[in-house]
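Let's take a friendly walk through this fold, strand by strand and helix by helix. Please keep the structure open beside the text.

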Amino acid sequence: MTRAVVFDLDGVLIDSEQVWDEVREGLARERGGHWHESAQRDMMGMSSPEWSRYMHDRIGLRESPGEINRIVVEQMLERYKDGPPWLPGALDAVRRLADAFALGLASSSNRELIDVVLEAGGIADLFKATVSSEEVAAGKPAPDVYLEAARRLGVEPAQCTAVEDSHNGIRAAKAAGMTCIAIPNSHFPPGDAAAEADLVLGSLAELTVAVLS
């Protein structure tokens, strides 16, 4: 029985995976790094300490991981200044499910970005717990961010349903012992990991109380 629903953010509520890709690739090319086509997929789900270290070590940026993180977050906030790129039905889905379940959020985005996005959508108060993977030991596909979300919600992971879009996100939710609903990301589809989800939906419009009950 589902008592809580835990959303991912990027690729589930906001259409931002390609924004992250553009910002990080742009920085890499501007600063003389060695960008490669699998870089964005490699970094999907990583926490900010992990992806900034990846950009330093693997992409070859000279700046420290902390400075890389600062620059990327600053540029992401600039991209969001006119409002986050909400996916169709995202705000309605959150409001609809908040009437029936406790809501959590388990995101690889930095805390500052999470707070800005939820406030911009007027939905911050609907979430009883939000967790950034920078606040736990390891990013997705490790289960840490989902386990912490369940802990803050006061709900056993087995009584939580995660809503994910990416391969690392699906695996993180399942590793945490949660039911997982996948809504595949059109820009970066989850591939074989979609088969690991308990249910695959085509859009947020299909994410109803009845589906979760």
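Buried here means under 20% relative accessible area, with exposed over 50% and partly exposed in between (1.4 Å probe, protein chains only). Helices (H or I, at least four residues) and strands (E, at least two) are DSSP runs, numbered from the N terminus. The model is a predicted one, in which local features need pLDDT of at least 70 and side-chain atom pairs count only at pLDDT 80 or more, while totals for chains, interfaces and linings use all residues. Residues are numbered from 1 along each chain as its sequence is written, and side-chain values use heavy atoms, leaving out hydrogens and water.

Strand 3 pairs with strand 2 (residues 102-107) in the parallel sense over 4 bridges; two strands pair if DSSP finds at least two bridges between them. A129 is the bridge partner of G104, and V131 is that of A106. Between strand 2 and strand 3 the chain passes through helix 6 (residues 111-120), making a right-handed β-α-β crossover. Right-handed means that, with the strands pointing away from the viewer, the path from the first strand over the helix to the second runs clockwise.

## Strand 2 inside the sheet

How many residues of strand 2 are buried? The count is 6 of the 6, so strand 2 is largely enclosed by the rest of the structure. A102, G104 and A106 lie on one side, and L103, L105 and S107 on the other. In a regular strand, side chains alternate between the two faces of the sheet.

Strand 2 also pairs with strand 1 (residues 4-7), in the parallel sense over 4 bridges, and V5 stands opposite L103. Strand 1 in turn makes 4 bridges with strand 4, again in the parallel sense, with F7 opposite V163.

The 6 strands form an open sheet in the order 3-2-1-4-5-6, with parallel pairing. Strand 3 and strand 6 (199-200) are the edge strands, each pairing on one side only. Helix 6 packs on the sheet, touching strand 2 and strand 3, and its direction makes about 140 degrees with that of strand 3. Helix 7 lies across strand 1, strand 2, strand 3 and strand 4, at about 155 degrees to strand 3. Angles run from 0 to 180 degrees between N-to-C directions, and axes are lines fitted to C-alpha atoms, for helices over the stretch in contact. Contact means heavy atoms within 4.5 Å.

## Helices packing together

Helix 4 and helix 6 pack at an angle of about 10 degrees, with axes 10 Å apart. V73, M76 and L77 of helix 4 meet E112, L113 and V116 of helix 6.

Helix 1 (residues 17-30) has buried residues including W20, V23 and L27. The buried residues of helix 1 pack against helix 2 (39-43), helix 3 (48-57), helix 4 (65-79) and helix 6. Just after helix 1, G32 takes a positive phi of about 80 degrees.

## Helix 8

Among the buried residues of helix 8 (residues 167-175) are H167, I170 and A173. The buried residues of this helix pack against helix 2, helix 7 (144-153), strand 4 (160-164) and strand 5 (179-182). G177 follows helix 8, with a positive phi near 90 degrees.
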